[in-house]
There are 2 protein chains.
Amino acid sequence: MENTPNQDLEKLVDLIKDIKTAMFTTAETDGTLRSRPMRTQEVKPDGFLWFFNAEDSAKTYEIQQDRHVNVSYMDDAKNTYVSVSGRARNVKDKAKIDELWHEPLKAWFPQGKDDPNISLIKVTIDQAEYWDAPSSTLVHLYGM
Amino acid sequence: MENTPNQDLEKLVDLIKDIKTAMFTTAETDGTLRSRPMRTQEVKPDGFLWFFNAEDSAKTYEIQQDRHVNVSYMDDAKNTYVSVSGRARNVKDKAKIDELWHEPLKAWFPQGKDDPNISLIKVTIDQAEYWDAPSSTLVHLYGM
Ligand SMILES: Cc1cc2nc3c(=O)[nH]c(=O)nc-3n(C[C@H](O)[C@H](O)[C@H](O)COP(=O)(O)O)c2cc1C
């Protein structure tokens, strides 16, 4: 029996919900691929991932030029590896910022949630794959 | 005092040598970014990373079309995150395959090192960045 898209997204949430930090990869205009650690702020089975962003960051520019991103999650102890391919958009949504804000974010935004430089990155998930213990074979999870 | 390129590469080796599995990101022709777990086979301060590859894999085709890759390393416990931007090439080098081969690779290549489908991926490191405990600020490590 094939999973429905919704079951697939629930499985994805299940795999990544305890992995705090993802590597978030963007493409520069010359094709260079760069990644940086990012904390996922909201993981629901709705097809989106949310991140806090400093609007003057390099990645804001990079996703303006090319929306394609990869978000990868790794848990070596559990032998779980997840690749999420999506398209990202820089979103200045004050209500959503208020909803997702929590104090530890002050490490990156010392001025707090009213910092004019804060925005969100909303990733629309196009496809997801994972490798799971114990067989470590690839499972096409979503959107393939 | 600025580090020499060689000291930078030694620092890179130091950061990633104990992180067995990396996420290896490639670009598809439509711009989609995909990643998959890969075990780094050789980490020396020489500006290259080596991986075993199945020559008929999707990534062989992807790096033929676009050599840009990102290899990311994460160690949440140590709070270490490394982004390596490079260009990859599929290399069929029997001597190097023999040199790097070790038995646990049979998990992916059950036929052993003489499997006609085995090749190597050689990544030339263009730039590397890392985020390290405790400050978690970005350090441009190499090639910037
Ligand atoms: C922990 C782990 C390590 C892996 N290491 C490798 C590797 O070193 N080489 C390899 O070809 N595949 C490795 N794989 C399998 C790849 O992740 C992937 O499924 C395979 O290379 C095909 O990828 P592609 O279809 O995107 O080209 C590994 C899988 C896991 C779970």
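**First stop: a bridge between two chains**

Begin by selecting R34(A) and E129(B), whose side chains meet in a salt bridge with an N to O distance of 2.8 Å. Please keep in mind throughout that this is a predicted model, and that the distances you read are computed from it. The pair you have selected belongs to the interface of chain B and chain A, across which the rule finds two salt bridges, and the search for polar contacts across that interface gives twelve residue pairs, both partners being at pLDDT 80 or more.

**Second stop: the side of chain B that touches chain A**

Now colour chain A and chain B separately and look at where they meet. How many residues does the contact take from chain B, and how many from chain A? The contact takes 28 residues from chain B and 28 residues from chain A. The area buried between the two chains is about 2,400 Å², and carbon and sulfur atoms give 59% of it. If you select L33(B), H68(B) and M74(B), you have the residues of chain B that lose the most area to chain A, together 26% of what that side buries.

Next, select the strands of chain B that give two or more residues to the side touching chain A, which are strand 1 (21–27), strand 2, strand 5 (68–75), strand 6 (80–91) and strand 7 (118–131). When the residues of this side are sorted by kind, they divide into eleven nonpolar, twelve polar and five charged.

Which partners does the side chain of H68(B) reach? In chain A, it reaches the backbone oxygen of D30(A) at 3.4 Å, while within chain B it makes a polar contact with the side chain of D66(B) at 2.8 Å. If you then display the surroundings, leaving aside neighbours within four places in sequence, H68(B) is in contact with residues of both chains, including G31(A), T32(A) and L33(A), and also T25(B), T26(B) and A27(B).

**Fourth stop: the ligand**

Move on to the ligand, which lies between chains A and B.

A polar backbone atom of P37(B) is 2.7 Å from a ligand oxygen, an N or O atom in the side chain of K59(B) is 2.8 Å from a ligand oxygen, and a polar side-chain atom of S57(B) lies 3.5 Å from a ligand oxygen. Taken alone the ligand exposes 620 Å², and the protein buries 91% of that.

**Last stop: a bridge within one helix**

Finally, select D98(A) and K94(A), which form a salt bridge with their closest N and O atoms 3.0 Å apart. Both residues lie in helix 3 (residues 94–100) of chain A, four residues apart, about one turn of the helix. Over all chains, the count of salt bridges by this rule comes to 28.

Notes
Residues numbered from 1 in each chain as written. Chains lettered and ligands numbered in written order. Predicted model: local features only at pLDDT ≥ 70, side-chain atom pairs only at ≥ 80, totals over all residues. Heavy atoms only, no water. Near = heavy atom within 4 Å. Polar contact = N/O pair within 3.5 Å; in protein donor to acceptor, adjacent residues only side chain to side chain. Areas by Shrake-Rupley, 256 points an atom, 1.4 Å probe, with all protein chains shown as cover. Contact = heavy atoms within 4.5 Å. Buried area = accessible area lost by both parts, 1.4 Å probe. Salt bridge = Lys/Arg side-chain N within 4 Å of Asp/Glu carboxyl O. Nonpolar A, V, L, I, M, F, W, Y, C, P; charged D, E, K, R; others polar.
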